[in-house]
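Trainee: Please take a close look at the sheet in this structure. Then place it against the rest of the chain.

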Amino acid sequence: MTAYIPLMVFAAFLAAVSAVFTIVGPKLLGTATDTLIDSASRGDVDFVGIGKTLLLLAVLYGIAFLFSYLQGFVMSGVTASVTRKLRDDIFKKMHRLPFSYFDETSHGDTLSRITNDVDTISTTLNQSFSQIITSLASLAGITVMMFTISWQLTLISLLMIPATLFSVSFIVKRSQKYFKKQQDYLGAVNGHIEEMLSAHDVVCAFNGQGASIQKFSEYNEVLYRSAGKSNFLSGMIIPLTFVISNLVYAVVCIAGGFFALKKMITIGDIQAFLQYIRSFTQPLQMITNVTNVLQQTAAAAERVFEFIELTDEPPDVPDAKLIAKDANAKNDFSVGFENARFGYTKDKIIIHNFSAYAASGQKIAIVGPTGAGKSTIIKLLMRFYDVSGGAIKLNGDDIRSYRRDSLRSVFGMVLQDTWLFNGTIADNIRYGKPDASRDEIIAAAKAARVDNFVRSLPGGYDMVLNEDADNISRGQKQLLTIARTIIADPAVLILDEATSNVDTRTEVLIQRAMDTLMADRTSFVIAHRLSTIRNADLILVMKDGDVIEQGNHQQLLAKSGFYANMYNSQFD
Ligand code: ADP
């Protein structure tokens, strides 16, 4: 950010110069008037003298315009770059943050930092910055010019400064709390709309429309009141400063007339002076207004920098290894958990002491009641979180010794929450391998048993899925994500079975597709239906974060323990 400071100083200089050149105008006009009066009273109007003064004036205004134009050019460049950099920084930061950040923060908050807060900073840089410089330079310049004309009149005029500042700050203080309330409730109104949009079906299912409308009206009512008050109060600033400046103006007119009678000041000077006094009010108002904006910007900047300075996910170790991915040796990956220990927070350990070994090419099933820690084990394997004790090993090496991106590229995940994006079906499948050809996409879809379905859709592979992909069914979404994983051809597979909410026919399709995917690959399956894992090489039965039984299907049944119980209850 500091890289932009020289440019900003330059812009400030340009703005100040432009203001100074503008300020000389009235004085020159006054001189022209005096020349006119003088020469006219001598009976011979000095057109040449007046013409020269007016020409000089035109040149000065021209220069002022040029500098102001340059200033605008420099500052809009700076603003655009700063805004782009902030957005980039925030977005890149989002990808470097530890997963725990996302557990603790609402998406809306992060979203608002990258949009609203950055926008506020951008507007201030673009407009308020040059306004402040121009206003300050104008105030200083005008004061100097007024002093050169008449120090007595200047002193009278300067009374305007404390009077204006006092009355404006009085209003600003009073309106500040309404502005704050307005921002807060704007957020609440937006938040409620977002909630309503994302949970539209739930709201309808529970007949929650009435309550939702009621809540919205309450927020909207507070917003309406606070916005009304804040705007009313801030709207008073301009008329009030107008009154003050008019009063001062009147006093200066009377005093000026008096001085003119005493021959202490010329008519041209009074004319110039009155013009200065008129242009004095504007920068004064501008500065008081901008103070308001600056307060808001400071808050926005704090939120943006707070985010950018959050602690990153711990970096890869200095000599982190890359995993050589050999297409012919895709099943050469063994995975071992050695006394792994982990908790999302320090005071609540979820996984106490987890050990298991998957030889390459084996199929490992993890079963257990909800909340047992099955998904947590998978997240540890993907290094979304790091263990706090023990280790997880890939081919005998601690997974922390590899680069994260390289480690993750080894795994392919098919989760219950199918994630498809707004784009064509082909694009969604291609996400697993960006350079995949059309034939590869179709082959993957065939392997995932979804080709027939896709062809029956209007547009086929080019049908556009909407944002939530709710224009196709859950089971079909699952098949598409399987196709995506097939095309990615990962070395180790992680499957979270989600067959419970699809029809039996689709379930069979999904099961077959998953079997195709698992063939010859080290795979981890979180199984909900125990019938699907009878052929697993190893079944880990988890309860409260620990493996309470392990073995293959036959061994576990023979034990007549927890697994046998679960299995029998599913088939009784
Ligand atoms: P399973 O997949 O077996 O249903 P999970 O691994 O999802 O279980 O959860 C295990 C435990 O960890 C649960 O008690 C759950 O509440 C807790 N948990 C899961 N995710 C988080 C998280 N992001 N932050 C804090 N606690 C979590």
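Mentor: At 33% relative accessibility, Cys-253 is partly exposed, since that class lies between buried (under 20% relative accessible area) and exposed (over 50%), with a 1.4 Å probe and protein chains only. Cys-204 is partly exposed too, at 28%. The whole structure has 0 disulfides, a disulfide being a pair of cysteine sulfur atoms within 2.5 Å.

This is a predicted model: local features need pLDDT of at least 70, side-chain atom pairs count only at pLDDT 80 or more, and totals for chains, interfaces and linings use all residues. Residues are numbered from 1 along each chain as its sequence is written, and side-chain values use heavy atoms, without hydrogens or water.

Now the sheet. It is open, has 4 strands and runs in the order E2-E1-E4-E5, with antiparallel pairing. Strands are DSSP runs of E with at least two residues, and helices are runs of H or I with at least four, numbered from the N terminus. Two strands pair if DSSP finds at least two bridges between them. The edges are E2 (351–358) and E5 (397–398), each pairing on one side only. Strand E1 (residues 335–342) is joined to E2 by 5 bridges, and the two run antiparallel. Phe-337 has Ala-356 in E2 as its bridge partner.

For the wider setting, an automatic or database domain assignment gives domain 1 (87–308), domain 2 (314–323 + 334–410 + 492–499 + 522–572) and domain 3 (417–489). Taken over C-alpha atoms, the centres of domain 1 and domain 2 are 56 Å apart.

Elsewhere, Tyr-69 sits in helix H2 (residues 47–96). Tyr-69 is exposed, at 52% relative accessible area.
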